[in-house]
Structure formats: C-alpha cells, structure tokens
Amino acid sequence: MLWMKWKMVVDSLRGRRRRMPCSLWFLLLFAAGGLVLFIHQRDLSEMVQQQGPGVKLGSTPRQSRETLSTQDRERGKSAEGILSSPIPPMQFPHFEESRQTATPGSREQDIGSLHVSKRQRKLLKTSPPINHKNSNVSSSSSSPSSSSSVSSSSALSSFSPSILEARRQLMKEICAKYKSSISRTITRHHVKHLYVEDKYKLLYCQVPKAGCSNWKRTLMVLAGQAPNAQSIKHDTVHYGHHLKTLDSFDRQGIMHRLETYTKVMFVREPMERMVSAYRDKFENPNNYYHSLFGKPIISKYRVNPSWVALKTGSGVTFKEFVQYLLDVHRPVGMDIHWEQANQLCNPCLIDYDFIGKFENMDEESNFVLRLTGAPPNITLPSFKDRNPTDTRTSMQITQKYFSQVSMLERQRVYDFYYMDYLMFNYSKPFKDLY
C-alpha cells in the first residue's frame, strides 16, 4: 500500500517536470512579443514627432493653404525649419507658435532659432544634388575664379551668389515637402508663361505686377528689336507679339532650352502684388477688365447695384474683389495678374537658375543681365508706364487696403497665397495672421 502511494507521488512529479518546459516556453514567447510591440510603438511615436504636422501632403493643380492639412493650425501652425544649416545671408522660413510681428521694411523671415529634426537632416542627405545645366550659372555660383571675375565687373551689383543658391535650395525643400506627389512631366501648359531670348539663351517667366513689362522690354532690346527700353510702349510690349513663348516650340525645342538656357523668374510680396493688380485693373479706366471681370463681380457681390454699375462694370470695391478671389464658385475665372506666382511659373517642375525679388529689382536684374553676358549698357528700366501718376503700391498701401476687409477675409487671402509665402520666403504682412 505504501509502495503504491510512493509510486503515485513519483509519477506526478515526473509529469510536472514534463509539463514545465511547455509553460516556460509560453512565458518566454509572451515576453518576447511584448518587447517587440513596445519597441515598435516607440519607433512610431518618434517618427510622428520628427515628421511634425503635414509633412506628407498631396498636391492639387492649384494648392493654397486652405487645401493643406488642417493639422498645421490645430498644432500651433508650426512648420519646422527645412534646411539642415543656415546659408547666410539668405533667411529661411521659421514658423513660431507666437505670432510674428511684421514691419513694412522687413519682408523675409528671420532665421532666428531654426529647429531642424533628424528626419529633415536625413532628407537633405538623400536629396539629389542641384545640377546647373547652364554653364554660366554653375560657374558663377560654384567656381571661385568665375565668381571673382564676375565680381570684378564694373556693372555688377553686390548681390551674392550665395543668396541665389540659398533661394534655390529653399525652393527645392518646399517642393519636396508639399508637392512631392505631382507629375514630373513638363507639358506646354507649364511653359506658356516663359519668354525666350535665344541670342543670350535666356528664359524669363512672367509674373505680372513684379516688373514684368520692363523685363519684356529688356528682352526685346537684347533681341535687337529696339534700341532702348524707354522707346517701347506698353501696348507694343504686351500685344505686339515680338517675343516668343516657350510653348510655341516643339517638344525637342522646349526641352533643349530648358536644359541649356538660363531660367529666370522674379516674384513680389504676394498680398502687395494682389493690391497692385486691383489698383491697376479696377481703379483706373480699363474697358477690358471692367467688362470681363467688373460686371460679374458687381452683379454677384454688390447689394442693390445701380444700373450704370451693372452696365459698365466700373467701381469694383476692394472688398468685392476679395470676395471674388475667395469664392470657390467665382462668376468669372482667374487672371494672370492675381494668380499665384508658383502656379504661373511651376518652380517645382522647372529648376530655375535665378529666383529674383521685385523688392531688390535694380540690383538683382543687373546681376542676371551680367550673368548672361548682356552688354553693360543694357539695364532693366524702372519707369512706370501705366498710370504713372499713381503712387507705386507699397506695403503701407497694402495694409491700408486690407483694413477695408474683415480679419477672416485677410486670413483667407493669406491662405490663398500661402504657397507663395513659403516658396519665396516672405514673412507675414500682418501680425494677426496665423
């Protein structure tokens, strides 16, 4: 009897010993799975922190800030710095949670306390290098000897090639962040605003109200079509068909010029440019714009319009113009004079060698002309041929016009031109914008 009990105890212990390894393996597998899950969650949270709001965004044919992720507003409207290191003297966008105080004389963002994430540094390391197709541009921006020779020119301004390269780098990073999903195929539509000057191998993208008329005059002089820019009238410039646009060439001719010519565009503070367009087209006699745009604008946005206003389209107020601009169901389409500059020139598709600023037109246009080998006596004119008695639109005038609209409308106009503010590095013109 005792022997039987002892045998039963021994057998039970042996059974436990056989079952123990299974339990131990189960515990080990459970612990390993938990550890893997914990590490994976940490990696995901770190990635989200590094990316910040709105890093991967699809693009649309016309992309304003309103079409971007609303996370930019919900999380303090913070878009982290783009470049891994500052490139003086150019300044790069810096979006702080605190609102930026804008002054009329300060247009470009302050590089200040620029924060760069690990992911953005990696993006810079993996970005393809900028290849200058045009030998003139590449030699002036990368070769010390050619830079010194250009600097020695008596007509050359103090504009630095480092500013030029910094602007191009900024454009490259903004495009990589916000428009990485767009098609890379260049069509005739993308180059219809580029004017061609074959003698000096120059492509100029017109941005109206940013020195466009005087640049066209200069192209005509370079082509030998006029002795000087001052002798060319406004209608001859715009309606004389003396200049070729790039879309008039066949596919081979288009690609050849894009690859070998110096590509230039000039931009202006977006809201100031919009006010300049309004003043030019609606505050002065202009049968075309009053008839095509004025009539439908007054008809839709004015309460109890007079018979004369409906018939002539004259007297469109600035508030009515803003209502038209922001309306997704506009009674009449967009116009080149107030379209976003990035939509006119497509800088995310076309690698511009020079992105100039209207605010520094004399100096920067002179730099471009010397860069292309233009004769030293040819300079960009600065006269104002349309409505010459009107004061040139400034930031003070812009602020005066925008005081006529609500804060919400002012914000929405800024949102409409948001990509231009980012790409061309303009600071907020009003302190209450976010």
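# A walk through cysteines, rings and a core

Let's begin at the end of a helix: helix H15 is followed by Gly373, whose phi is positive, near 85°. Helices (H or I, at least four residues) and strands (E, at least two) are DSSP runs, numbered from the N terminus. What you are looking at is a predicted model, in which local features need pLDDT of at least 70 and side-chain atom pairs count only at pLDDT 80 or more, while totals for chains, interfaces and linings use all residues. Residues are numbered from 1 along each chain as its sequence is written, and side-chain values use heavy atoms, with hydrogens and water left out.

Stay with H15 for a moment. This helix spans residues 361-371 and is mostly covered, with nine of its 11 residues buried. Buried here means under 20% relative accessible area, exposed means over 50%, and partly exposed lies in between (1.4 Å probe, protein chains only). Among the buried residues of H15 are Met361, Glu364, Phe367 and Arg370.

Now let's turn to the cysteines. A disulfide is a covalent bond between the sulfur atoms of two cysteines. In this model, a disulfide is called when a pair of cysteine sulfur atoms lies within 2.5 Å, and the count by this rule comes to two. One of them joins Cys175 and Cys348, with sulfur atoms 1.9 Å apart. This pair links distant parts of the chain, 173 residues apart: Cys175 sits in helix H6 (residues 161-178), and Cys348 sits in the loop between helix H14 (341-345) and strand S5 (354-357). The angle about the S-S bond is -85°, and the link of Cys175 and Cys348 is left-handed. Both Cys175 and Cys348 are buried.

The other disulfide joins Cys205 and Cys345, with sulfur atoms 2.0 Å apart. Cys205 lies in strand S2 (residues 202-205) and Cys345 in helix H14, so this pair ties together parts that are 140 residues apart in sequence. The torsion about the S-S bond of Cys205 and Cys345 is about -95°, so this disulfide is left-handed. Cys205 and Cys345 are both buried. If you number the bonded cysteines of the protein in sequence order, the pairing reads 1-4, 2-3.

Cys212 is buried, with a relative accessible area of 4%. One of the residues touching Cys212 is His238, which also touches Ser213 and Lys216, not counting residues up to four places away in sequence. Touching, or contact, means heavy atoms within 4.5 Å. His238 lies in helix H8 (residues 234-239) and counts as partly exposed, at 26% relative accessibility. His238 and Lys216 are 22 residues apart in sequence, with their C-alpha atoms 8.2 Å apart in space.

Next come the aromatic rings. A pair of aromatic rings is described by the distance of the centres and the angle of the planes. Rings of Phe, Tyr and Trp (its six-membered ring) pair if their centres lie within 6.5 Å; planes under 30 degrees apart count as stacked, over 60 as edge-to-face and the rest as tilted. A search of the whole structure finds 24 aromatic pairs. In one of them, the rings of Tyr278 and Phe321 have centres 5.6 Å apart and planes at 35°, so the pair is tilted. Tyr278 lies in helix H10 (residues 270-282) and Phe321 in helix H13 (residues 318-326), so the pair ties together parts that are 43 residues apart in sequence. Tyr278 is buried at 4% relative accessibility, and Phe321 is buried at 0%. Tyr288 and Tyr289 form an edge-to-face pair, 5.1 Å centre to centre with 80° between the planes.
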